[in-house]
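Here are my notes on the charged pairs in this one. Have the model open while you read.

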Amino acid sequence: MFSTSIQFPNLHITLNNLPKSVDVFGINIAFYGLIIAIGMIMGIAIACWEAKKTGQNPDDYLDFAIYAIVLSVIGARIYYVIFSWDEYKSHPLQIFNIRNGGLAIYGGVIAAILTCFAYSKIKKMSFTKMCDTGVLGLILGQIIGRWGNFFNREAFGSVISDKHLFAMRIYFDSVYKRFQVPEAVEEGMKKMTGKSLAQLNYIQVQPTFLYESAWNALVLSLMLIFRRKKKFDGEVMLWYLMGYSLGRAIIEGYRTDQLIMPLTGWPVSQALSMALFVGATTIWAYKRIKLKKEEN
């Protein structure tokens, strides 16, 4: 098996010699960045499509996307660096190197929402209506973007046995070991196989990037089906926050590369997901009950 291969043995899928980048006219382009770019383009497309269907001006969302994309990438990087500061404090210039990953989606989401709020005020548009429209693009971008983690050999979960349907094997050798194997994975492989990583040429883990991509696809499908039945502007955004945060809270528990909150030792994304789920659900229930009382 090639050191750059990824295999799903129980699904009978083997991708041999799968690199992390491709050369185009002598320029090395990382698949991670390429996939993120595709996710952004598709996200803008669905947001503009929804804007047109709901009687809004798609150009407003094209203009918004310019600011949102730039600031979301910055926000995602800042969020990641803050909770991974030990990795960068000795090499601060590496903060600007995102070719090998290091973007935390929650940082991007927070930046996007703040940008949307500011943009809506400047343009005198409805913030909640913009959220309902733009969130379709946001989650589609997340669905696609998670596959950048696949090519980067990151955002995977704990070690699992050969019996697991979605067991994913990531092969490597002394030359192609650019991803960092968490200590928990190293210990898990030793416990499962009786061998150290020095004796093995692969790790076998849960593809949590795949779980999240599939979960988000389900959330987006439900949002598209029921969005015409929303009772108030902002409800689709609340559905997203409820659905995404619920899935993320569960899936994050399987991750072995979690960002940890200082002092508490809690996985920051899991804690934030739980808080968002409770908050969004409470607001949604309150709004629904209030509207029902007004109707009666």
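1. First, the terms. Buried means under 20% relative accessible area, exposed means over 50%, and partly exposed is anything in between (1.4 Å probe, protein chains only). A salt bridge here is a side-chain nitrogen of Lys or Arg within 4 Å of a carboxyl oxygen of Asp or Glu.

2. Where the values come from: this is a predicted model, with local features needing pLDDT of at least 70, side-chain atom pairs counting only at pLDDT 80 or more, and totals for chains, interfaces and linings using all residues. Residues are numbered from 1 along each chain as its sequence is written, and side-chain values use heavy atoms, leaving out hydrogens and water.

3. How many salt bridges does the structure hold? The count is 10. Take Asp 162 and Arg 169, whose side chains meet at 3.4 Å, N to O. Asp 162 is partly exposed because its relative accessibility is 47%, while Arg 169, at 17%, counts as buried.

4. Next look at Arg 288 and Glu 235, a salt bridge at 2.8 Å, N to O. Arg 288 sits in helix α9 (residues 268–295) and Glu 235 in helix α8 (residues 235–252), so this pair ties together parts 53 residues apart in sequence. Helices here are DSSP runs (H or I, at least four residues), numbered from the N terminus. Arg 288 is partly exposed at 27% relative accessibility; Glu 235 is buried, at 0%.

5. Finally, Arg 255 forms a salt bridge with Glu 252, with 3.7 Å between the closest N and O atoms. Both Arg 255 and Glu 252 are buried. Shared partners link Arg 146, Glu 212, Arg 248, Glu 252 and Arg 255 into one salt-bridge network.

Definitions and conventions. Helix = DSSP H or I, 4+ residues; strand = E, 2+ residues; numbered from the N terminus.
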